[in-house]
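Let's take a walk through this structure together. Please have the viewer open as you read.

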There are 2 protein chains.
Amino acid sequence: MKNLTLKQLRYFEALARDGRFRRAADACAISQPALSMQIKELEQEVGGDLFERNAREVKLTAFGQTFALRVRGILRAVDELADLARASRDPFLARLRIGIIPTIAPYLLPAIINDLNRTFDGIEIQVRETQTAKLVQELAQGELDLAIVALPVSEPFLTELKLFDEEFVLVRRPEDEGKPVPEREALREMRLLLLEEGHCFRDQALSFCKVGTTRLREVMEGSSLSTLVQMVSAGIGITLIPEMAVPVETRSAQVSISRFQMPRPSRTIGMIWRNSTPLVTQLLQISEVVRGSADTMRRQHAMRP
Amino acid sequence: MKNLTLKQLRYFEALARDGRFRRAADACAISQPALSMQIKELEQEVGGDLFERNAREVKLTAFGQTFALRVRGILRAVDELADLARASRDPFLARLRIGIIPTIAPYLLPAIINDLNRTFDGIEIQVRETQTAKLVQELAQGELDLAIVALPVSEPFLTELKLFDEEFVLVRRPEDEGKPVPEREALREMRLLLLEEGHCFRDQALSFCKVGTTRLREVMEGSSLSTLVQMVSAGIGITLIPEMAVPVETRSAQVSISRFQMPRPSRTIGMIWRNSTPLVTQLLQISEVVRGSADTMRRQHAMRP
DNA sequence: TCGCGGCGATAAGCTAGGGTTATGAAAAAC
DNA sequence: GTTTTTCATAACCCTAGCTTATCGCCGCGA
């Protein structure tokens, strides 16, 4: 077991991932026999079968599965070592992989990318937009460097950093302009339009109304805030959107926007990253820029309170 | 950075550890030039200096230090991989590295080793006896599989498992036999003999008396319970020892043993191990045996309450 | 039923990486 | 100044790990 190789672990991981020798070999950019031999060698080093070679496909044995878990952890740590090295060579990030939830992305992302590009010359930004759960998972796997989501996430392996709070506003048909804003309890009697399952903003809206899905009179679900606003303007119901979405979403839709009375609903937006990331310094700097982007953007479109 | 080798990391760790190429090379069982080259290669893969080559010794650069931290983590994980492999090959441990604190070791260890040997045929047991802090450190470094200490230790990376509670008893000169047992407050007015700094039992005894070291009237320190008891029998003062030590320590010394009134002082003895150890199943079985050893031993020497 | 195509395992040969010993330069110890 | 360290360099050598070529196996389709 002293001659264990990182190469072997990488090959193992590749094979475990897709279950075919040939394809895994391609992925590793080696020939199929080479992979076969390394796997065989690994197996006799650990002294047990890692894969079950059925015709047509190879699957991990039970032992192989627990083994794979640890191997992935090791490979991730090694990748972080590489990040660390890169970070110390270059005090600045060359590549930044950002994750962001869909209810922030369209409004904040352009400004962020702009500002980051201006501040960190030559930075290469990759963006992934999806729901929080998926982002957390991808962070864990080392596929993202940071994510911008609604706090708290409360994953022990993630560090959270608050960026700002943002309020929710009520979206009604234009005819309702000027009418009194309903109490939160009243909302549940109205036809409330929500995002589909999985969006954190859906849950935040629901919790403001103090209801579970089941107790709602009637719910229509949309796949984006944009859709929701369009539906409102078509007279189908009402909805809530985060303040930041207002300028974009009311540009093309005829709706009335109103603030709630106190206590106003709101959520906290923040950044998260792996505790173990070697890029903390850089991420903190990034966070400054992002906070700046958000501030100027919110100041530009500030609603009268 | 893709051609990073575990071997390189091992060599790096060795060199970081003792700061001399030659000696580190010896430790790795390779020639000195071989080590030089691997280190050089590692450095250019990482893209920065890891060591500061002053004449006479090599020291880690600042970067090297943060690098070393992570490298150690990786190597530990790889070792655990080996453990995992071994554990799955053999459902039973071939080698068990136990740590144990000095105030338990002499009394419990013989029984434990006996029982473990009887229960797990062919098991090879290595024992390390030292104070809790050192044991914790060695656990962290993967140099021990488990340790038997007084709980709680409260290290987040360790799992604790309670084995049993044991009370402390008062040791006085034979002439004091039958005299009333002093209140805990009274103890601090007497000449209390304690273990030297670093032993957890010392702190437990002190906390029972509700005093810090400074407030004690007079303290003599011994390096083992045995010494303390001998000093008591020589009329130098009084002391506390754990119940388990009574049969052994009173064998050769003329002293009087008495229980305290309620609330009696006591401590909890338990096992600890790395959360990440792949040997949990085995360690749990071990714990059963150890608990058994302790139980029978305590039953044999049970004092009338 | 037979042959074909895709799979992983095996075989044979080549190359380079990692090891060795021998030696060099520079600094510290004496 | 000499000696004795230290680590780096050079030259050589061997084996580990890659390649291509080939085999045997199984499932599928004509």
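This is a predicted model: local features need pLDDT of at least 70, side-chain atom pairs count only at pLDDT 80 or more; totals for chains, interfaces and linings use all residues.

Now bring chain B into view. Chain A can be superposed on chain B by a rotation of 180 degrees with 0.1 Å of shift along its axis, and the RMSD is 0.4 Å. That is the relation of a two-fold axis. To find the axis in chain A, look for A:Leu6, whose C-alpha is the nearest to it at 2.8 Å.

How do the two chains meet? In the interface, 22 residues of chain A are in contact with 22 residues of chain B. On the chain A side, helix α4 (residues 62-89) gives the most, with 15 residues. Sorted by class, that side of chain A has 13 nonpolar, six polar and three charged residues. Because 100% of the interface residues of chain A are also interface residues in chain B, the copies meet through the same surface.

Next, turn to the DNA. Around DNA strand D there are 18 residues, and the closest are A:Ser31, A:Ala34, B:Phe21, B:Pro33 and B:Ser36. Two or more residues each come from α3 (32-46) of chain A and from α2 (21-28) and α3 (32-46) of chain B. The surface near DNA strand D has seven nonpolar, five polar and six charged residues.

Strand β7 (residues 192-195) of chain B is worth a stop. B:Leu192 and B:Leu194 point one way, B:Leu193 and B:Leu195 point the other way, and all are buried. In a regular strand the side chains alternate between the two faces of the sheet. Two bridges join β7(B) to strand β9 (residues 238-242) of chain B, and the two run parallel. B:Leu193 has B:Thr239 as its bridge partner in β9(B).

Finally, some backbone details. The peptide bond from A:Leu151 to A:Pro152 is cis, with omega near -5 degrees, and A:Pro152 sits in the loop between β5 (146-151) and β6 (158-172) of chain A. A:Ser154 is found in the loop between β5 and β6 of chain A; its phi is near 60 degrees, a positive value in a residue other than glycine. A:Ser154 is exposed, with 7 other C-beta atoms within 10 Å. In chain B, a cis peptide bond joins B:Leu151 and B:Pro152.

Key. Residues are numbered from 1 along each chain as its sequence is written. Chains are lettered from A and ligands numbered from 1 in the order in which they are written. A residue is near a molecule or strand if its C-beta atom, placed from the backbone, lies within 6 Å of it. Helices (H or I, at least four residues) and strands (E, at least two) are DSSP runs, numbered from the N terminus. Ala, Val, Leu, Ile, Met, Phe, Trp, Tyr, Cys and Pro count as nonpolar, Asp, Glu, Lys and Arg as charged, and the others, Gly among them, as polar. Copies are superposed by least squares on the C-alpha atoms of residues with pLDDT of at least 70 in both. Two residues are in contact if their C-beta atoms, placed from the backbone, lie within 7 Å. A residue is buried if 20 or more other C-beta atoms lie within 10 Å of its own, exposed if 12 or fewer, and partly exposed in between; C-beta atoms are placed from the backbone. Two strands pair if DSSP finds at least two bridges between them.
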